[in-house]
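Visitor: I have a model open and want a quick tour. Can you take me through it?

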Amino acid sequence: MNALLPTSFADLLALYQDPMFWLFPMGTLAVSTVMFLLFALPFTWLAWRDPVSLRRYKVQDTPFDVARWFWPSLGRLTLNVSLIVVALLLAWPLLRHAPIHLGEMPAWYVAVAQILFFVFLDDFLYYWMHRTMHKGFLLRHVHSVHHRIRHTTAINGNYMHWFEYLCTASLALLGPMLVGAHLYVLWIWIALRQFEAADGHCGYVLPWNPGHLLPLYEGAGYHDFHHSQYQGNYAGFLPYLDRFFGSYARGYLAWRAKFRGEPGTPE
Ligand SMILES: [Zn+2]
Ligand SMILES: [Zn+2]
């Protein structure tokens with residue numbers, strides 16, 4: 001059983017009775033899905049109601065199209081999660097050697113430092129993956145699925161091709177694997193990542209949104225412009241990468257300056 005891969009069918013079956021199989025891959029997928037829905041459903045309900053009092057906080061002036069994309073978004077999420085379950089079942093004989101653990105919790109400041117590292121690493125890698133997906137075959141056959149929706153609501157955050165979902169999930173796991181994270185730290189990070197997926201698509205920049213507490217995060221307007229303009233604003237959390245690599249979406253800086261009440265900012 002200590003071999004890299006099991007050597008008999010009985011050994012293989014025994015691997016799936018390991019509590020860590022249910023806690024690490026399956027538990028993390030459950031945390032990911034539940035947290036996404038917890039973040040996304042209230043925002044989606046808000047967009048469906050589209051109250052007049054909140055319209056000044058909308059990024060786009062046009063009406064939301066919640067009715068058209070709600071069930072397809074839940075359908076895609078169900079399909080993608082089901083495929084990940086199969087992938088995790090197949091990968092577990094190797095994945096069980098991953099350094100994710102349930103031992104002693106790290107000190108709080110170590111956990112915070114690890115999560116910050118996950119944010120920056122994931123965001124950097126996501127930026128380049130996303131830019132790559134905006135070209136050729138990957139754009140036509142994979143990423144264009146996510147871009148069918150130009151005026152998004154939170155539930156559309158995981159409306160994507162299964163291959164993109166698999167790549168995005170793998171990127172998010174990379175940081176925790178590198179540092180050998182505690183399982184609970186991994187779960188906190190995944191919850192934060194799903195907050196980003198829901199909030200980035202919610203269509204509102206609300207003043208009471210707790211996302212404003214996150215340093216460097218610029219809220220839903222940033223990714224909303226990626227959908228409305230189809231190009232630019234490629235990062236997940238942190239727009240500094242677009243500033244550095246000159247890839248802001250058309251009109252985003254002017255909108256941000258106006259929204260913040262700043263003097264005109266050049267494109
Ligand atoms: Zn895109
Ligand atoms: Zn998106």
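Guide: What follows covers the metal sites, a few residues and the salt bridges.
Guide: This is a predicted model, where local features need pLDDT of at least 70, side-chain atom pairs count only at pLDDT 80 or more, and totals for chains, interfaces and linings use all residues. Residues are numbered from 1 along each chain as written, chains are lettered from A and ligands numbered from 1 in the order written, and side-chain values use heavy atoms, without hydrogens and water.

Visitor: Metals, then. Which residues are the protein donors of the zinc ion (ligand 1)?
Guide: H130, H134, H143, H147 and H226, each through NE2, at 2.0 to 2.2 Å. Donors here are N, O and S atoms within 2.8 Å of the metal (3.2 Å for Na, K and Ca); water is not among the atoms, so sites may look incomplete.

Visitor: How are those donor residues spaced in sequence?
Guide: The pattern is H-x3-H-x8-H-x3-H-x78-H. H134 and H226 link distant parts of the chain, 92 residues apart. H134 sits in the loop between α4 and α5 (136–141), and H226 in helix α8. Helices are DSSP runs (H or I, at least four residues), as are strands (E, at least two), numbered from the N terminus.

Visitor: H134 and H226: buried or exposed?
Guide: H134 is buried, and so is H226. Buried means under 20% relative accessible area, exposed over 50%, partly exposed in between (1.4 Å probe, protein chains only).

Visitor: And what coordinates the zinc ion (ligand 2)?
Guide: H146, H201, H223 and H227 do, each via NE2, at 2.0 to 2.1 Å. The spacing in sequence is H-x54-H-x21-H-x3-H. H201, in the loop between α7 (183–199) and α8 (220–229), and H223, in helix α8, join distant parts of the chain, 22 residues apart. H201 and H223 are buried.

Visitor: What about the angles among the four donor atoms of ligand 2?
Guide: They run from 96 to 149 degrees, and the site is irregular. The cut-offs: four donors are tetrahedral if all angles lie between 85 and 135 degrees; four are square planar and six octahedral if opposite donors are over 155 degrees apart and all others between 65 and 115; anything else is irregular.

Visitor: Now D224. Where is its place?
Guide: In helix α8. D224 is buried yet has no salt bridge. A salt bridge is a side-chain nitrogen of Lys or Arg within 4 Å of a carboxyl oxygen of Asp or Glu.

Visitor: Which side chain of opposite charge is nearest to D224?
Guide: R150, 9.2 Å away. Lys and Arg count as positive and Asp and Glu as negative; His and the chain ends are not counted.

Visitor: What is D224 in contact with?
Guide: V59, Q60, T152, G200 and G203, leaving aside neighbours within four places in sequence. Contact means heavy atoms within 4.5 Å.

Visitor: How many salt bridges does the structure hold?
Guide: Five. Side chains of opposite charge can pair when their charged atoms come close. D50, R55 and K58 are linked in a network. The closest N and O atoms of R55 and D50 are 3.6 Å apart; those of K58 and D50 are 3.4 Å apart.

Visitor: Which of those residues count as buried?
Guide: D50 does, at 12% relative accessibility, and K58 does, at 8%. R55 is partly exposed, at 43%.

Visitor: What does R256 pair with?
Guide: R256 meets E218 in a salt bridge, at 2.9 Å from N to O. R256 lies in helix α10 (residues 252–260) and E218 in the loop between α7 and α8, so the pair ties together parts 38 residues apart in sequence. R256 is buried at 16%, and E218 is buried at 18%.

Visitor: Last one: L216, buried or exposed?
Guide: L216 is exposed, because its relative accessible area is 51%. L216 lies in the loop between α7 and α8. Leaving aside neighbours within four places in sequence, L216 is in contact with F120, F237, L238 and P239.
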